[in-house]
Amino acid sequence: MPIFIVDGHQVEFKPGQTIIEASRNAGISIPHFCWHPKLSISGNCRICLVEVEKMPKLVIACSTYASEGMVVHTKSEKTIDARNAVMEFILINHPLDCPICDEAGECKLQEYAYSHGKGESRFEEIKNRKEKRVQLGPHIKFDGERCISCSRCIRFSDEIAHANQLTFRNRGDKVTVTTFPGELFDNPYTLNTVDICPVGALTNNDFRFKSRVWEMSSTDSICIGCSRGCNTEMWVRNNEILRLTPRKNDEVNSAWMCDNGRLNTFKFVNAENRIDGTYLRFNGFLKKAELSSAINFTAKKIKEFKSNEIAFIGSAYATCEDNFVLAKFAKSLGVQNIDFPKHIALGDCDDILIMEDKTPNSFGAELVGVKPINNGNSFESIITNIESGKIKALYIIDEDIASISDKYEKNLTKLDLLVVHSSNENKTTALADVVFPSSTYAEKNGTFVNFNGRIQRIKPAVTTEEMDRALDGMNMSRWDKFGTKFDRWMQGRRVDAKSSWNILSMLSLHLNGKMKYDMAEEVFADIASSIEEFKGLDYDMVGSKGINLKIKESIKVK
Amino acid sequence: MSVKKRKKDLNFFEKIYIVEIAKGMMLTLRNMFRPKFTMEYPEVKFEPPSSYRGRPVLVQEKNNVERCVACGLCSRVCPALAIEVQANETELEKERYPEKFEINMLRCIFCGFCEEVCPEEAIVMSKDYELVFSNRNDAIYGKDKLLVQVEQLSDRLDYLRKFKQ
Amino acid sequence: MSLLETVIFAVIKMLVIVVVMFLTVAYSVYFERKISAWAQNRMGPNRVGYRGLLQPFADVFKLLVKEDIVPDAAHKPLHTLAPFIALFVAFATYAVVPFGPSINLFGYDVKLVVADVNIGILYVLALTSLGVYGITFAGWSSGSKYSLMGGIRSSAQMISYEVSMGFSIAGVLLLSESLRPIEIVNAQYGWMWNAVLQPIGFITFVVSAFAETNRLPFDLPEAEPELVGGYHTEYSSFKFAAFFLAEYANMIIASCLIVTLYLGGWQIPYIDKLGLGETLTVILQVGAFIFKVVFMLFFFIWVRWSIPRFRYDQLMNIGWKVMFPLSLVNILWVAVLIMIFNL
């Protein structure tokens, strides 16, 4: 590979790479505002100016191609002078309102003002006044004064979201970002512009002023909005999820995620209607009960039915671990009726990220054995058999069957026994005889398998009653580290819930002593030793970015 | 034990210390008749100078709006983690206001960092040193207790303008 | 006087003395707090009652209602006994202190001393040495290293200073030719106070008295910076109050002894020459005794707030190498006095 020299280091590059790209790969970072690795080159911010020997003037590193033998200085006096000048220039019209601005703490401009600015300005005139609090679209507010006109948002909506909705208006210091007349900035990916905006000009309506970024802890997670399985970061303060942001993973979601996934996949975790503790039906009413007595009751009841009168429903929202333990439990009882419902929104997809299958783990649920055994009934026929009275007991984990259709809801009332694991109250829990509180995906360890067979980890970001941030090795904010139970900022709600696999293994231990797991790792080790596709895997190998399973071609085609 | 050489050897009378002891005792005796420094507290109260760091308070402007924009810097800089701020949006020009502003006076160490870091001169150390509470919940001062009219804080604000930076 | 009358008078005198002593002890605490406050330009207790005059009662009441804590490691019987030994010894010594001459009451000749014992001074010496037991027991039985150190220091200190104290008294006894306190007082008629006749003995006795009562600068047994509270670290509530009172009772006893042995007791020089009535004379003489004792108490407190605590080695040095030889010199001096002036 050809070599050029940056700051005295020999740096290899592929022909066609720019200076900024090649240096970045070699670990030398050159400041940049408008340049983004996933977007086209615009070259308008000028902060990436570097000195190249034998070139008369400084050049911008983002659009100058590296070439053999080129000698680049990123820390020379000339470069630093130029950077200081550019910073001073950008800051001329940028308001000094970091205390108010939500971007503070993760703001590129703020960081560079510290590392590359002179700390003073010679500008004595009055700063530009521009429009503030402009509602660009349903999710985004725009502050014209803070904008440094890098055009990242415009290029993103054009190139990545394929929705040409934003543009610059006016020239010179009057330039501002706006939508085309009569249009709204409303494509399904708008909130990614908030992430890539190097300043606080674009803000997320949903997160605006909720929290300073340094007050939250962030935990790697996976979006459960569809079977793409976008890598996300979950931001938590006081045991409450405040926002999701995409995490870069070129194998899955590049650096993006859709607005639906970002806004609608975490609120049920914080919701008021979380199921807190176990519930048993007494005299027609669900009453709070001890977990152990509910397990006793369920075990006793299940024994009253023949194995072909029982059916199990797994869930594509639950993890591989939950589904695996469910399948194993069904097998230990000799039950063959086991399946999970599919949640497919036909046509609701695109060629960017969004998939038709609206669950994160349908592939995984099937792989770990949640599918009819031998001539057991599939999901549809389980429902019909309930109607005809052949199936009398139903065990559901993390699915709201009754909400799928009124017919299903009516059928469920015909059951003699309905046991439900659920995180939130819903139509199905209203009909249940036993409701076990199950943890959400934000509260447990586990794995999802996305649509093309990539297994990815989720980690707990929110604590339940039985967990402890420090002892369970969860990510902690400064508040979490130093807080005591007497501080109001540590008194966020902690739900009394357990992972479905945990409840199932307790039930199994009580019923027939076939299973005993204490940690998700143990369940996964069992999966890895008994399921062909997972052979040899453990959580460390799955890592933070996931790994592709070795899927047999026959399954893949299906 | 080796005998340490003194700078100046004492003579016999100095060595028996009788004179020195008598001098010392006369000193204490004289002090018994000097005026007392004691301030009889509940009746007589100490009026602190403007450099005094009493409990931190929030400045309330004349139109009854707090200066605070809920930036959270005081909360971040507080070495005792005494301050909790929850921001929210307001229609006012400042865009952002503290929906909740709580100082846990059991945690507060009166260091004045919050005042020093505040970009709006919105939190200042008052002259109030009378802090009494009988349970942990009362010790958490909310906006109701923290907001103080700007006129009452003019001493401190003048002081800050004179000496800050 | 019949036996019955003697007993009745003895009981009355005892009751008067005990009540007065308790009050005096309580108020000497108040006195000490006030004077220490003044020495430091403070006001001292001034809230309970007029100028804080009821403070002693508040203090005692507070101590009484506090929880009585006995450490697990303590030897419980001794731990309980120790403060009462200290208190008993302190109070019992008052029995032989004469606070006035004889007085004619209701036709009876009443001596203003509870027990006019002919070996009174020996009795005092015996009891004060017994006082060490209270402190040593307290130190040992608490089962705490601080207490133990305090107790050990205390006994070492008391034993050391008792020697010079004894020799100082020997000088007094040589002059008065009696062990009976009343006789000793009588022997100091006019200006013939022992403090005047044998100043060295006076100084050694006063210093030893400070050491014996564990007062600053000799309060090593309860040196706070090193031993927390010394021998009474592990005491609380009433037992602590007992130690506390014993310390002040000891201080008053020491003052009484100094006055009796060296400052002419109740004597006012040449008062009989003024030709006052007998009753008035006695009242004045009792007043003089009280005045002298109060002055000595003031002196105790005054010294406490002026002179810092000795180091342990300095304490032993002074005890054995200074005070002991000085008290011997004093005996020699008294002998010379007797030989030359035939006193």
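Where is the place of C:Ser237 in chain C? Select C:Ser237 and you will land in helix α10 of chain C, which covers residues 237-262. This is a predicted model, and our tour begins at this residue. C:Ser237 is not a glycine, yet its phi is positive, at about 55 degrees. C:Ser237 counts as partly exposed, with 16 C-beta neighbours inside 10 Å.

**Stop 1: colour chain C by confidence**

While you are here, colour chain C by pLDDT. Its mean is 83, and 97% of its residues reach 70 or more. Now select helix α8 of chain C, residues 199-212: confidence in chain C is highest there, at 88. Then jump to strand β2 of chain C, residues 108-111, where confidence is lowest, at a mean of 70. For the model as a whole, the scores are ipTM 0.84 and pTM 0.79.

**Stop 2: see how the chains meet**

Show chains A, B and C together. Two pairs of chains are in contact, and chains A and B share the most contacts. Chain A and chain C do not touch, and their nearest C-alpha atoms are 29 Å apart.

Zoom in on chains A and B. Here 19 residues of chain B are in contact with 12 residues of chain A. On chain B, select α3 (73-77), β2 (83-89) and β3 (96-104), each of which supplies at least two residues of the side that touches chain A. β2(B) gives the most to that side, with four residues. Colour the side of chain B that touches chain A by residue type and you will find seven nonpolar, three polar and nine charged residues.

Stay on chain B and select B:Phe110, in the loop between β3 and α4 (113-117) of chain B. Phi of B:Phe110 is near 60 degrees, a positive value in a residue other than glycine. B:Phe110 is partly exposed, with 17 other C-beta atoms within 10 Å.

**Stop 3: go inside**

In soluble globular proteins, nonpolar side chains tend to be buried together. The largest nonpolar core in this model has 145 residues. To find it, select A:Cys48, A:Val50, A:Ile241, A:Ile313, A:Leu326 and A:Leu394, the residues with the most contacts inside this core. Helix α9 of chain A, residues 320-332, gives the most to the core, with seven residues. Domain 1 (3-75) and domain 2 (278-557) of chain A each provide at least three of the core's residues.

Which residues does A:Ile313 touch, not counting those up to four places away in sequence? Among them are A:Phe340, A:Phe379, A:Leu394 and A:Ile401, along with the charged A:Asp339 and A:Glu399.

A second, separate core has 83 residues, including C:Val124, C:Phe137, C:Trp193 and C:Tyr231.

**Stop 4: follow some strands of chain A**

Switch to a cartoon view of chain A and look for an open sheet of three strands, in the order β6-β7-β10 with antiparallel pairing. β6 (134-135) and β10 (202-204) stand at the edges with a single partner strand each, so one side of each is left without a neighbour in the sheet. Two bridges link β6(A) to β7(A), residues 140-142. Select A:Val134 and you will see it opposite A:Phe142 in β7(A).

Last, select β8 (166-169) and β9 (176-179) of chain A, which run antiparallel and are joined by four bridges. A:Leu166 has A:Thr179 in β9(A) as its bridge partner. Six residues lie between the strands of this hairpin, and A:Asn170 takes a positive phi near 70 degrees.

How values were computed. Residues are numbered from 1 along each chain as its sequence is written. Chains are lettered from A and ligands numbered from 1 in the order in which they are written. This is a predicted model: local features need pLDDT of at least 70, side-chain atom pairs count only at pLDDT 80 or more; totals for chains, interfaces and linings use all residues. Two residues are in contact if their C-beta atoms, placed from the backbone, lie within 7 Å. A nonpolar core is a set of buried Ala, Val, Leu, Ile, Met, Phe, Trp, Tyr and Cys residues joined through C-beta atoms within 7 Å. A residue is buried if 20 or more other C-beta atoms lie within 10 Å of its own, exposed if 12 or fewer, and partly exposed in between; C-beta atoms are placed from the backbone. Domain bounds come from an automatic or database domain assignment. Two strands pair if DSSP finds at least two bridges between them. pLDDT is the predictor's confidence in each residue, from 0 to 100.
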